[in-house]
Amino acid sequence: DPPAKVADISLRALQAVQSLPLPSYVSLKVPPMHYDPVLLQPLLACAKAGGVRAHFDSHGIDMAESTLRCVRQAVDAGCQAGLTIPGCWARSAADARLVTGWGVRVRVVKGEWPDPDDPRRDGTAGFLEVIDALCGSSQEVAVATHDPITARESIRRLQAAGTRCELELLFGMPMRSLLALAAETRVAVRLYIPFGTAWWPYSLGKALQRPQIFWWLLVDALLGVRQWWQRRG
């Protein structure tokens, strides 16, 4: 879609979530807007006026600096800002420390686009490295993974450091075991909901890239059957 159309869709999303009963945020897809500060400015003004967080997702590492400039623009505009940081980049821990110093809420993911200078970097180890960089932050941290082992360890480290955190789950993915973990550790759960015409390929593409997702789906379904059977009994 043309950059102006992407900006218009984003503006309508920002306006729509203002009426939701719980605080929400909108991920602004700045690459298709060509990182245009002129297109971004009214979106940030709308987010600020409505008390909505303007979030910036991670894309390829070659886009990291451009994305950071957009985050800085949001901060300078007085807007609540968020940034997704992937564990698979060597630069990520430093980026996390930088943006939390700006008052930015970080969403930690394992990442889809590898670091060309470190292509075999372990996403899980990198995820926890970013978590460690955020421990002690005054900003809330979003733990965004469907891997229950990584989620549990991340929450443990953040809570031990006194850092507030949420568990973020992708809508449409299995989540029973993670909801149980959230209840056990007393953290809130936020659903990340893809929107627009490409939401189904987005979700299916993630599953095809990571075959273990189909195993998680099976386990989730079996847990559901067991709970249904226990209720019947």
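## Cysteines

Cys88 has a relative accessible area of 7% and is therefore buried, a term that stands for under 20% relative accessible area, with exposed meaning over 50% and partly exposed in between (1.4 Å probe, protein chains only). Cys70 also counts as buried, at 3% relative accessibility. A search of the whole structure for disulfides, each a pair of cysteine sulfur atoms within 2.5 Å, finds 0.

## Basis of the model

This is a predicted model, in which local features need pLDDT of at least 70 and side-chain atom pairs count only at pLDDT 80 or more, while totals for chains, interfaces and linings use all residues. Residues are numbered from 1 along each chain as its sequence is written, and side-chain values use heavy atoms, with hydrogens and water left out.

## Nonpolar core

The largest nonpolar core has 51 residues, and those with the most contacts inside it include Leu14, Phe56 and Leu83; such a core is a set of buried Ala, Val, Leu, Ile, Met, Phe, Trp, Tyr and Cys residues joined through side-chain atoms within 4.5 Å. Not counting residues up to four places away in sequence, Leu83 touches, among others, His55, Phe56, Leu68 and Val106, where contact means heavy atoms within 4.5 Å.

## Positive phi values

Tyr35 has a positive phi, near 55°, in a residue other than glycine. For Arg186, phi is near 60°, again positive in a residue other than glycine, and at 79% relative accessibility Arg186 counts as exposed.
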